[in-house]
Protein chains: 2
Amino acid sequence: MTYEAPVAQIEFILNHVVPFSEVRRTGLFAEATEETSSAILSEAGKMASQVLAPLNRNGDHTPARLENGKVRSSEGFADGFRAIAEGGWIGIAADPEYGGMGLPQALNMAVAEMTAGANLALQLNPLLTQGQIEALEHHASDALKALYLPKLISGEWSGTMNLTEPGAGSDVGALTSKAERNGDGTYSVSGQKIFITWGDSDVTSNVCHLVLARLPDGGKGTKGISLFMVPKLIPDESGNPGVANSLKVVSLEEKLGIHGSPTCVMSYEGATGWLVGEEHGGMAAMFTMMNCARLGVGVQGVGVAEAALQQAVAYATERNQMGPIIQHPDVRRMLATSRAEIFAARAICLACATAIDLETATGDADSAARAAFLTPIAKAYGTDVGCRVADTGVQVHGGMGYVEETGAAQYLRDVRITPIYEGTNGIQAMDLVGRKLADGGEAAMRLLDEILDDAKAAQAGHPDLANHVWQAAETLREATQAMLERSLPERFAGAVPYLHAFARVLGAHFHLRAAKAGGAQHVALAQVFVARVLPRFSADLVEAQAGLDDLTALSDAAMAGDFAA
Amino acid sequence: MTYEAPVAQIEFILNHVVPFSEVRRTGLFAEATEETSSAILSEAGKMASQVLAPLNRNGDHTPARLENGKVRSSEGFADGFRAIAEGGWIGIAADPEYGGMGLPQALNMAVAEMTAGANLALQLNPLLTQGQIEALEHHASDALKALYLPKLISGEWSGTMNLTEPGAGSDVGALTSKAERNGDGTYSVSGQKIFITWGDSDVTSNVCHLVLARLPDGGKGTKGISLFMVPKLIPDESGNPGVANSLKVVSLEEKLGIHGSPTCVMSYEGATGWLVGEEHGGMAAMFTMMNCARLGVGVQGVGVAEAALQQAVAYATERNQMGPIIQHPDVRRMLATSRAEIFAARAICLACATAIDLETATGDADSAARAAFLTPIAKAYGTDVGCRVADTGVQVHGGMGYVEETGAAQYLRDVRITPIYEGTNGIQAMDLVGRKLADGGEAAMRLLDEILDDAKAAQAGHPDLANHVWQAAETLREATQAMLERSLPERFAGAVPYLHAFARVLGAHFHLRAAKAGGAQHVALAQVFVARVLPRFSADLVEAQAGLDDLTALSDAAMAGDFAA
């Protein structure tokens, strides 16, 4: 099966659905013209389709393995990484001062979607490296920047994020890793970290770990945490990889999927580290790193969904059971719904990236709030769609989908991590109804107003679609108001369905814009979304408002199956 | 993680939710008293929890493999199969004349749920053997019955179903396997079959294949197909396994899950077969075999869901992230919804089995129609719930769910086959809106009338629950009427969402009955279902009635991502 990078689909969204033209009008991103963007996307798409996608099955067939404490990556992955690095794709959005291209995040995320769709396990490496670059750009000292950024941006070295510990996952503040001041400006970092993606690799000459740890005078919880740069090989005076640091890969996890991505248990034993940001101020840097990665993970979901759907459509076209099965109404329903959801998720992710770019270029607070509001939705909906479409892909293949040979099952196994890492989708939803509604719903209402205005304006040309979108947005506005009046635990109980409802309404809105700007096929796709996906937002909102009482009334024992009490 | 067989939950449903008491009142099943049933379920539950569940991970860790053309089963599976056979569990519902216990299907399915929950890969063997037993009981000659049934019922031999070929999956009529008359009453069977579950095994001394093939004068399509018994070892004059037949296992599939279940490519090369049923009448026997297996697969979904949920609840109780995560509203929501869906799916499966039993015992046409109507719903909803709950189980485990070590991912991988085999869930839904509504909706309406009456009667005690159920059933009745007026292709386009809606309404109805008969925890669970699961039936019905136009308007190219046209 060949993956074809969805360059035209992405360009259509950037040019007609999300306000990327506003990004182009800013001074900072004036270079990102339609022509330049198009050239960049085509080039990246070519690499994704021609270089990375053919390596995707290798990750599964020859998983990354640990040999004498060193990770050996899957066959061909070193070449694949090299192609990404040499294309300059790691640094698309990075600071030109250090070798980056300084282009908008929207283009970076578009490229990330294609590389992830082509080869998720491999793409995790540049994705995390980009997160590290962003954290260093915002929080590191000039000396650290000068030393690390050029190497990370060029892909000579790669970067990791070390947050999780056995007892500290979603509760980052519970971590026990320690750091001590060495007196020479460096620190000694000790502790065990788990789930470290690409914690070691033979595709780069050094691996740079950003590690969260607590100084002796760091208080409890998240406020006592500091962030350290802990390189695998300590750079020598000329900045080349020097002596080995006191850290090691203890083991690799055996996982459901992304076998080409080594997931490491890391041990730091008095490893030399350099502070990034302020002492006890590690969480701020971590959030910078995670925000970029959260959107990136949503985009991964979209990428894998695209690849899985392309394969399912190809199979359904070839497979004959009383005619090509793509002609069977139920198979058509599955494929069309998947295509409609992919469009919606992609548009939400690119809208989020566009808001980030506007914030970066203008410092505008509304854009910042928009980006912050859309990030958890993009992450959760993008990855939900990734899983849903990959699952549908297996189903469309029938028995052949359950056989590993076709690759349909690999997409499902690979993408299943995305609703979990970088904050589970439950955590994303809690962020949405907690922190992101903490402005009294201002950002949410501004977004809904825009949707309502758009829907009104579209009434003449597309009355049916526009009415559905208007009605849904109006209902969502009322539900948002009701959500604001609830206690935090009640909001949390309704968080996931509320996020789903918001994503469906946003998706319908973007479909409406596409119907206005595009051809007959965009209208048809919008109709599929409005008839088959949007209507589920009502039940989402019913559940979002169901409160907590029924969940409290049901005992833990009954949840386990014991109704005797 | 220990699996605890849900004996009390099953007994509650049999005694208070589905009309199993009516089965007990028939002459045929008078022995299945509450006491006897309870003893049987406890005994089977003990075996499932203590013998089969501890072997479940072995299937994954030491998959069945092919050595010199022979299947070597996973470690301990031979002992597990022996325990099932020696307990008499294969023949619970089989004819006592041949060594069966002659008990109701409801008890058989209850036991099947527990064995499947404990060890899906292993349980497939007795499940398919039971399907073969049933086919032989109804369609084989007395001589074949006398030879094969005692050995299959005792578990000395096992049985397989050979339908699928590379070009003939859902379209069984496209098969190309051939049979020729040998002139001595036997036949020569040739062809290749794929996806043959437990197509060979070292846990029984013989493997009996029921093979669909076409005689030279068999017409095209399903009407020209005959069914043959083709044993691996041809029984000698005393009925013991004799010379090897001309058949072989070509290879085993590498699958997403159920690694302990060998999925064989079988080749028949003039193998000696004996006709089962009439020449060209193989489909009737196949449907007998498949009907039993379809319900059995729905039950598998429920079984795995139960096991996965038990593990998720246990994990959520132990895992501390700012308190035990089972106390977090969103985790509670996931677990409670899963428990509510398992109850609904289990009740639907047992209601279906009860209808089969009433049909068997009384020959009553209404019971037959009820059983036929509920079978596709039980299969599809049971397996959907299986996948949904196993998926939720992974999510509740967070990162640990993605790591194979916990076993959460195995449940997801294993259960993912169930919406595919024995007719995909799409095929089930087409059966529901096609064949099962071909009576002008009589069976559906009779069921809905019952729900409406029940809801009315419950209004005094549980006004809120009863009103929700009544309203939903009334809406579903209208939607069913509308469905009947549509063309078949339009019905097919709406088949899956229609089936989902029906399952939710049925589930809510059974929850209402449980709330009436049970304690406070059953009321709480019913409230969870009515608040969080039932409301989705409205969107299901919107989609069920969306017709075919939007799916036709969207081109194949657009589904693949090309909107240019």
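Q: Where does B:Gly519 lie in chain B?
A: This is a predicted model. In it, B:Gly519 sits in the loop between helix H18 (495-517) and helix H19 (520-532) of chain B.

Q: What is the relative accessible area of B:Gly519?
A: B:Gly519 has a relative accessible area of 38%, so it counts as partly exposed.

Q: And how far is B:Gly519 from B:Met109?
A: In sequence they are 410 residues apart; in space, 25 Å from C-alpha to C-alpha.

Q: What about residues 161-269 of chain A?
A: The UniProt record, also unreviewed, has "domain: Acyl-CoA oxidase/dehydrogenase middle" at those positions. Here the span is 0% helix and 49% strand, with 17 Å between the end C-alpha atoms.

Q: A:Glu269 is in that range. Which side chain does A:Glu269 meet in a salt bridge?
A: That of A:Lys248, at 3.8 Å, N to O. The pair links distant parts of the chain: A:Glu269 is in strand S11 (residues 263-276) and A:Lys248 in strand S10 (residues 247-252), 21 residues apart. A:Glu269 is partly exposed at 45% relative accessible area, and A:Lys248 is partly exposed at 43%.

Q: What does B:Arg416 pair with?
A: B:Arg416 forms a salt bridge with A:Asp391 (2.7 Å, N to O). B:Arg416 is in the loop between helix H13 (408-415) and helix H14 (425-433) of chain B, and A:Asp391 is in helix H11 (residues 365-397) of chain A, so the pair joins two chains.

Q: Is B:Arg416 buried or exposed?
A: Buried, with a relative accessible area of 2%. A:Asp391 is partly exposed, at 29%.

Q: And which side chain does B:Glu543 meet in a salt bridge?
A: A:Arg536, at 3.1 Å, N to O. B:Glu543 is in helix H20 (residues 536-544) of chain B and A:Arg536 in helix H19 (residues 536-544) of chain A, so this pair joins two chains. Both residues are buried. They belong to a network of salt bridges, with A:Asp330 and B:Arg504 among the other members.

Q: Last topic: how many residues has the largest nonpolar core?
A: 377, and A:Tyr498 is among those with the most contacts inside it.

Q: What does A:Tyr498 touch?
A: Leaving aside residues up to four places away in sequence, its contacts include A:Leu432, A:Leu476, A:Met483 and A:Ala544.

Notes
Residues are numbered from 1 along each chain as its sequence is written. Chains are lettered from A and ligands numbered from 1 in the order in which they are written. This is a predicted model: local features need pLDDT of at least 70, side-chain atom pairs count only at pLDDT 80 or more; totals for chains, interfaces and linings use all residues. Side-chain values use heavy atoms; hydrogens and water are left out. UniProt positions are given in the numbering used here, feature names are shortened, and annotations may be inferred rather than shown by experiment. Helices (H or I, at least four residues) and strands (E, at least two) are DSSP runs, numbered from the N terminus. A nonpolar core is a set of buried Ala, Val, Leu, Ile, Met, Phe, Trp, Tyr and Cys residues joined through side-chain atoms within 4.5 Å. Buried means under 20% relative accessible area, exposed over 50%, partly exposed in between (1.4 Å probe, protein chains only). Contact means heavy atoms within 4.5 Å. A salt bridge is a side-chain nitrogen of Lys or Arg within 4 Å of a carboxyl oxygen of Asp or Glu.
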